[in-house]
Amino acid sequence: MTGLLRTSIEEQFSDIYLEGELSNLRAPGSGHVYCILKDKTSQIRAVLFRSSAVRLRFSLQEGMHVIVRGRLTVYETRGEYQIVLDTVEPKGIGALQLAFEQLKERLSAEGLFDQDRKKPIPAFPRTVGVVTSLTGAAIRDILVVLRRRWPTLHIVIAPVHVQGESAGRQIAEALNALNELSFVDVIIVGRGGGSLEDLWSFNEEIVVRAIAASHAPVVSAVGHEIDVTLADFAADLRAPTPSAAAEAVVPVLDEIVERLRELTIRTGQVMFRHCAFERQRLDAAIRGVTDVRFRLQDAAQRTDDMVDRVRALLQRLLTSGRDGVHKAQRDLSGLNPILTIKQGLATVPQFSKRLEGQMGVILTQHRYRIHATLAQLNTLSPLAILERGYSILQTIPAGQILHRAGDVEVGQELEAQLASGRLSCKVTHVFDDSSV
Amino acid sequence: MAAVKFEQAMARLEAIVGELEKNDLPLDESLKIFEEGIRLSKNCLKILEEAEHKVEVLVQDKNGKKRIHAYSQDDATDEPSS
């Protein structure tokens, strides 16, 4: 009877659609999935055999609202009828979308998408790996942009199918293979635009895990700006398109060369300015020293003049003034400004604000002492003596100052210098004391 | 890795220029880092010039052995076997 029923049922209900909620979900090791599909008023046993179960992209969950397609059959052992499911679709949301959400949640919980896992993209990669199809627009765009920006770049392409059954595995293997090449600095993985189905490989767990495990930083570029895949979440950087990914991984060589040139020039300019500045300071210091030297020389000359004049005066001093004159000479030589100046010059330090100050003091002191000496000398000056009624006799024309009467003979013409004015005289008698 | 070396060298060079432009170093210090800067600049240029300039394709044969060959336009017509 059961056999008859079964034949009858299977013939009549060979392709049916049902809608309901999943309950009593069981998935034993066999890989088959058993459950009860129910709505508010009724329920039916359902089985999803392994061959169909593996094609499901999302996982079935208790209470999930689904639309199923299948055929009715009778499980003779128990005498129950049930539906053998062919496809299961989540109600209200696409199967792929659901699968996406589920996997995203699971991998996210594992931390695969965490921000702190993200590796920085190297600023100047020498070698860029590319995982994509050799026939698509993506590789063309990537190569064009990479070679335009950095013409000498080393590029290693790991070709893969980017859609279809084996695509996910190929992409994962390519990522691993590029990682084995230690010289690959960064990897671009992606493809051009397509339907959600076309892009599906980039949502596969194996791809997401390979990206997360990559030692080299990975830039994802799947489809267009609006397409977001799990590969994008796992990648260290998500580029909206393959061209954008290429732009993100390499700078423009010309700009870098220009930057390097600019930095080098600036280094030189700054250094040149610094040297020029130091040179100027040195020049100023030398000028300062030279200034002081000129001033010292000038002062030395002026004191020389004074000393000469003082000497001339001394020579013309009368005998009675001799002691005072000797004293004055001693004083003068003791204060010889030339000697002091020479000593001063010998100790002129190289950079000389200090020196200038010191020399200024020394010069002032000298000037003061020279003035004092001159004042002192002035009291000894013959002119001062003459004021007291003495006169100086000089021979004419020799101009020799007379000290002894015996130095002249009768008839010698003499000039007598008085305090005011001079007299011209003639010797009429000579009274030489020594002859007395 | 040369890429990292280059990045570091550029960063150091930037720092040196900044340091020099602050203009608060004594002349001999300035000279020292100036010389370092010029050395870095030369190295950077050398690294840029050493770049390899090639496009290659990494393929895996049926035994799983990997090899690399130069990329040519013909590659675009071959799909990888899977």
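1. Let's begin with chain A: of its 436 residues, 27% are buried. A residue counts as buried if 20 or more other C-beta atoms lie within 10 Å of its own, as exposed if 12 or fewer do, and as partly exposed in between, with C-beta atoms placed from the backbone. Please keep in mind that this is a predicted model, where local features need pLDDT of at least 70, side-chain atom pairs count only at pLDDT 80 or more, and totals for chains, interfaces and linings use all residues. Residues are numbered from 1 along each chain as its sequence is written, while chains are lettered from A and ligands numbered from 1 in the order in which they are written.

2. How confident is the prediction? The model has an ipTM of 0.80 and a pTM of 0.60. For chain B the average pLDDT (the predictor's confidence in each residue, from 0 to 100) is 79, and 85% of the residues score at least 70. Within chain B, confidence is lowest in helix α2 (residues 27–50), with a mean of 81, and highest in strand β1 (residues 54–60), at 88.

3. Chain A holds 13 helices and 13 strands. Both are DSSP runs numbered from the N terminus: helices are H or I with at least four residues, strands are E with at least two. Two residues are in contact if their C-beta atoms, placed from the backbone, lie within 7 Å. Of the contacts in chain A between residues at least 6 apart in sequence, 66% join residues at least 24 apart.

4. Two strands pair if DSSP finds at least two bridges between them; β1(A) (residues 16–26) and β4(A) (residues 65–75) have six, in the antiparallel sense. Ile16(A), for example, has Gly70(A) as its bridge partner in β4(A).

5. Asn24(A) sits in strand β1 of chain A, and its phi is near 50°, a positive value in a residue other than glycine. Asn24(A) is partly exposed, because 13 other C-beta atoms lie within 10 Å. Further along, a cis peptide bond with omega about 10° joins Ile396(A) and Pro397(A). Pro397(A) belongs to the loop between β11 (392–395) and β12 (413–417) of chain A.

6. Is strand β7 (residues 154–159) of chain A enclosed or open? Five of its six residues are buried, so β7(A) is largely enclosed by the rest of the structure. Strand β6(A) (residues 127–132) runs parallel to β7(A), joined by six bridges, and Val128(A) has Ile155(A) as its partner.

7. Finally, see where the chains meet. Four bridges join β7(A) to β1(B) in parallel; His154(A) stands opposite Lys54(B), and Ile155(A) is partnered by Val55(B). The contact takes 34 residues from chain A and 41 residues from chain B. On the side of chain A that touches chain B, α9(A) gives the most, with ten residues.
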